[in-house]
Amino acid sequence: LCFPFHGLTTDGLFAEPDVTIVSGLKDMVVFEGDDVTFRCQVSHENARDVEWKLQDVALQNNEMNEISVEKGKIHTLTLRKVTEQDIGTITFRVGPHTSTA
């Protein structure tokens, strides 16, 4: 018997669908000392190859940068108590797709 295995690669692992950006980042105006949240919606839940950057520096989830996912598809970055050093371009990347604000 032969069973077709759709979505499998030749090594037996599930291939991740091509995740794209559905709704990109929006520019924000924020005052020093405030928190600011950026949101980016992707096409598929549980996207893996995801990265947030500030001025081309990768951000990690910590007490100053809260990185999370809402409803499986909405990736959020909250910068806490922003300072002048936080001014710059925010980039969200999923696979080869990017959005900036």
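Reader: Which residue in E4 does lysine 53 stand opposite?

Author: Happy to start there. Lysine 53 stands opposite alanine 58 in E4. Please keep in mind that this is a predicted model.

Reader: What makes E3 and E4 a pair of strands?

Author: Pairing calls for at least two bridges between two strands. E3 and E4 have two bridges, in the antiparallel sense, so they meet the cut-off. Their hairpin has two residues between the strands, and glutamine 55 takes a positive phi near 50 degrees there.

Reader: How do you know that E3 also pairs with E7?

Author: Five bridges join E3 to E7, and the cut-off is at least two, so these strands pair as well. They run antiparallel.

Reader: Why are E4 and E8 said to stand at the edges?

Author: The open sheet has four strands in the order E4-E3-E7-E8, with antiparallel pairing. Strand E4 (57-58) and strand E8 (97-100) each have a single partner strand, so one side of each lacks a neighbour in the sheet.

Reader: Why is strand E6 described as largely enclosed by the rest of the structure?

Author: A residue is called buried when its relative accessible area is under 20%. Five of the six residues of E6 (residues 74-79) are buried, so this strand is largely enclosed.

Reader: Which strands pair with E6, and how do you know?

Author: Strand E2 (residues 36-42) pairs with E6 over six bridges, in the antiparallel sense. Strand E5 (residues 65-70) is also joined to E6 by six bridges, again antiparallel. With a cut-off of at least two bridges, both therefore count as pairs. Threonine 78 in E6 stands opposite threonine 37, and threonine 78 is also the bridge partner of glutamate 66. E5 and E6 form a hairpin with three residues between them, where lysine 71 in the turn has a positive phi of about 55 degrees.

Reader: What makes a group of residues a nonpolar core, and which members touch the most others here?

Author: The members must be buried nonpolar residues joined through side-chain atoms within 4.5 Å. In the largest core, of 17 residues, those touching the most other members include Leu25, Phe38, Trp52 and Leu77. E2, E3, E6 and E7 each supply at least two residues of this core, and E2 gives the largest share, four residues. In soluble globular proteins, nonpolar side chains tend to be buried together.

How values were computed: Residues are numbered from 1 along each chain as its sequence is written. This is a predicted model: local features need pLDDT of at least 70, side-chain atom pairs count only at pLDDT 80 or more; totals for chains, interfaces and linings use all residues. Side-chain values use heavy atoms; hydrogens and water are left out. Buried means under 20% relative accessible area, exposed over 50%, partly exposed in between (1.4 Å probe, protein chains only).
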